[in-house]
Amino acid sequence: MTYFTASTPSRRLFAAAVAGLLCLSTSPLAADDEAPPKGAAVTVLKAAKSCFANIVEVSGTIIAREENQVRPERMGLKVAEVMVDAGDSVTAGQVLARLTLPEGGQITVQAPVAGVISASTASVGAMASAKGEALFSIIARSEFDLVGMVPTRDIAKLQVNQTARIKVIGAGEVDGKVRRLSTTVEPNSQLAQVFLGVTTNRRLLVNSSGRAQIKTGQSCGVSVPLTAILYGSAGTVVQVVRRARVETRRVETGLMSAGQVEITSGLQEGDIVVARAGALLREGDPVRAVTASADVK
């Protein structure tokens, strides 16, 4: 019997073919599979246009705009009857008290103006005179002012008759208007005084604190959330995603409202911005952009 033995080249070709088949059957990716994306996933949003109200804030104290002191015209009188108390509203000419004359008989003390009684010292049996302590103090026409201080950079934005919304402690929110502006500033603090007339039927307490917001205009431009901004030694920056890589943009900011910040330079509408900028992202880092949902702020 005759035996045939394969030659060495034939063995090598056979082994190579088998190895190739094994590689194809055990490969982790099929030929039509895509390569996995590179870089960390980051939430992004488009820089959009928004309008911001230019607001000047004033903190101050409620004062009476005009206060009248009520006394009798004669000396040596005695209070016989008190008709009103502090806090009462009165009309012009209303009788406030009756006084007894030294020689007998009575006279009345009347309100010179309409308003609200802010203070009263009148009590039955007490002495009253033209030069003594006032029996009553009346806030004329129930008119009040909020008097506050503002920086010199803001005083130029204010004008008489601009409307204001004022929150007064103990009285809530009331309407007001700019009534008078100071023509000088305090030299040490560089603050200027402003008087805001208060319009309300509510009872206000003199010397109570208040805070006003005065809208002086508005500005419209590109904006991003406050979370997209980084503050550091290099200035104010945002991180933009371009061609799947991080770019750091230095920006100038303007007004701020409801968590949004106006960008006055360095960014354009439609730029893709990292929603929550962080120090872990560096210039040129590869990233996978994930668009923020509508409720992300």
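Reader: Which residues form the nonpolar patch on the surface?
Author: L226, Y231 and M256 form it. Together they have about 330 Å² of accessible area. Keep in mind that this is a predicted model.

Reader: Where is L226 placed?
Author: L226 is in the loop between β15 (209-225) and β16 (229-232).

Reader: Switching to the open sheet of four strands. What's the order?
Author: The order is β7-β6-β4-β9. The pairing is antiparallel.

Reader: Which strands stand at the edges?
Author: β7 (106-110) and β9 (127-128) do. Each has a single partner strand, so one side of each has no neighbour in the sheet.

Reader: And what holds strands of a sheet together, in general?
Author: Strands pair through backbone hydrogen bonds, parallel or antiparallel.

Reader: How many bridges between β4 and β9?
Author: Two bridges, in the antiparallel sense. Strand β4 covers residues 77-82.

Reader: What stands opposite L77?
Author: A128, in β9.

Reader: Backbone angles now. What's phi at N161?
Author: About 85°. That is a positive phi, although N161 is not a glycine.

Reader: Where is N161, and is it buried or exposed?
Author: N161 is in the loop between α2 (152-155) and β12 (163-168). N161 counts as exposed, because its relative accessibility is 52% and the cut-off for exposed is over 50%.

Reader: What about phi of Q190?
Author: Near 60°. Q190 is also a residue other than glycine with a positive value.

Reader: Where does Q190 lie?
Author: Q190 lies in the loop between β13 (172-185) and β14 (191-199). With a relative accessible area of 38%, Q190 is partly exposed.

Reader: Last topic, D145. Which strand is D145 in?
Author: D145 is in β11, residues 144-151.

Reader: Buried or exposed?
Author: Buried. The relative accessibility of D145 is 1%, and buried means under 20%.

Reader: What does the D145 side chain make a polar contact with?
Author: The side chain of R179, at 2.6 Å.

Reader: Which residues is D145 in contact with, leaving aside neighbours within four places in sequence?
Author: T61, I62, I63 and R65 are among them. R179 is there too, along with F195, L196, G197 and V198.

How values were computed. Residues are numbered from 1 along each chain as its sequence is written. This is a predicted model: local features need pLDDT of at least 70, side-chain atom pairs count only at pLDDT 80 or more; totals for chains, interfaces and linings use all residues. Side-chain values use heavy atoms; hydrogens and water are left out. Patches are made of residues with over 30% relative accessible area and no salt bridge: like charges are joined within 9 Å, nonpolar side chains (Val, Leu, Ile, Met, Phe, Trp, Tyr) within 5 Å. Accessible areas come from the Shrake-Rupley method with a 1.4 Å probe; for residues, only the protein chains shown count as cover. A salt bridge is a side-chain nitrogen of Lys or Arg within 4 Å of a carboxyl oxygen of Asp or Glu. Two strands pair if DSSP finds at least two bridges between them. Buried means under 20% relative accessible area, exposed over 50%, partly exposed in between (1.4 Å probe, protein chains only). A polar contact is a pair of N or O atoms within 3.5 Å; within protein, one must be able to donate a hydrogen and the other to accept it, and residues adjacent in sequence count only if both atoms are side-chain atoms. Contact means heavy atoms within 4.5 Å.
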